[in-house]
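This briefing covers the overall build of one protein chain and then the setting of a single residue in it.

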Amino acid sequence: MSDIFKELADAVITQNINGAVEKTKAALASGVPALDIVQKGLSVGMKVIGDKFEAGELFLPQIMMSAKAMNNAMELLRPELSKGGDAANAGYCISFVQTGDIHDIGNRLVSTMLGANGFTVKVLGVDVDNEIVIEEIKKAEAKQVLLVGSALMTTSMLSQKDLMIMINEEGVRGKVKCMFGGAPVSQAWINEIGADGTAENAAEAVIVAKKIMGGN
Ligand code: HCB
């Protein structure tokens, strides 16, 4: 990892809120692409934090500070990430974090990147009940809607299966393409629940979204 990416990751790992912002400013000033700052720097730090939490080496207050460091850096990056993508209308999508889940850093990043690449994104936020998602699908004027659901916990991931059942029961399966993501989501899970795709990160999410919506 180059020095700047290591410094960005370290700022998140050490809960250095000011440091994460300063390193992000410095990286932007030296011409590092915003997406690289997120994917090669800040997100790498968040992965380390998650692993340390799982190993019992860190506790919730520390994760919250790391999340704040990443979120503050993201505030600087969002305008950059929103620039320069493919402006052609790529479709309408509904983005949300599943019920019971408040992890929104990744979902917001995916939503920003989809917006930058021609999608019109309706962001429903966190802890969203499946009933609300169904209502939004029915309300949508677009013929084809892309669902962008995130779940960061094995528990909240289960509601993606319920959502797919509801989508079928409510007769709206033909209107939606379903892309789900988040750390516990795998292709095997997507196949099991009968969804259309998943992606490891925001850049891949744009590629998968365009593919399943019939673009290039
Ligand atoms: Co949180 N947490 N957390 N957490 N948390 C996780 C998710 C664990 C995996 C940590 C661990 O144990 N290793 C774990 C879940 C375990 C499990 O279910 N198996 C966990 C837990 C247990 C909890 C609490 C229950 C802790 C507690 O209270 N005891 C609690 C739950 C609160 C709730 O939701 N009801 C909790 C709270 C928190 C916060 C508030 C401190 C904070 C969230 C702040 C926020 O989001 N505003 C937090 C954080 C930060 C994490 C970790 C460390 C990082 C998550 C993150 O932001 N990653 C996470 C560890 C981990 O994920 N390995 C840990 C960075 C982003 C950029 O990546 O994966 O979210 P991402 O998104 C990617 C990718 O998945 C993909 O693209 C994104 C961008 O590149 N993607 C999609 C995402 N959505 C997509 C949708 C698509 O359609 C396509 C692609």
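Two residues are in contact when heavy atoms of theirs lie within 4.5 Å. The model is predicted. The protein chain holds nine helices and four strands, and 45% of its 216 residues are buried.

**Fold and dimensions**
- Along the sequence, the elements of the protein chain run α-α-α-α-β-α-β-α-β-α-β-α-α.
- The radius of gyration of the protein chain is 17 Å, close to the 17 Å given by the globule rule for 216 residues, so the chain is as compact as a globular protein of that length.
- The C-alpha trace of the protein chain spans about 50 × 40 × 25 Å along its principal axes.
- Of the contacts in the protein chain with a separation of 6 or more, 75% are between residues 24 or more positions apart.

**Thr 24**
- Thr 24 sits in helix H2, which covers residues 17–29.
- With a relative accessible area of 0%, Thr 24 counts as buried, because the cut-off for buried is under 20%.
- The side chain of Thr 24 reaches the backbone oxygen of Ala 20 at 2.7 Å.
- Leaving aside residues up to four places away in sequence, Thr 24 touches Leu 8, Ile 37, Leu 42, Ala 73, Leu 76 and Leu 77.

Conventions:
Residues are numbered from 1 along each chain as its sequence is written. This is a predicted model: local features need pLDDT of at least 70, side-chain atom pairs count only at pLDDT 80 or more; totals for chains, interfaces and linings use all residues. Side-chain values use heavy atoms; hydrogens and water are left out. Helices (H or I, at least four residues) and strands (E, at least two) are DSSP runs, numbered from the N terminus. The radius of gyration is taken over C-alpha atoms; the globule rule is 2.2 Å times the number of residues to the power 0.38. Buried means under 20% relative accessible area, exposed over 50%, partly exposed in between (1.4 Å probe, protein chains only). A polar contact is a pair of N or O atoms within 3.5 Å; within protein, one must be able to donate a hydrogen and the other to accept it, and residues adjacent in sequence count only if both atoms are side-chain atoms.
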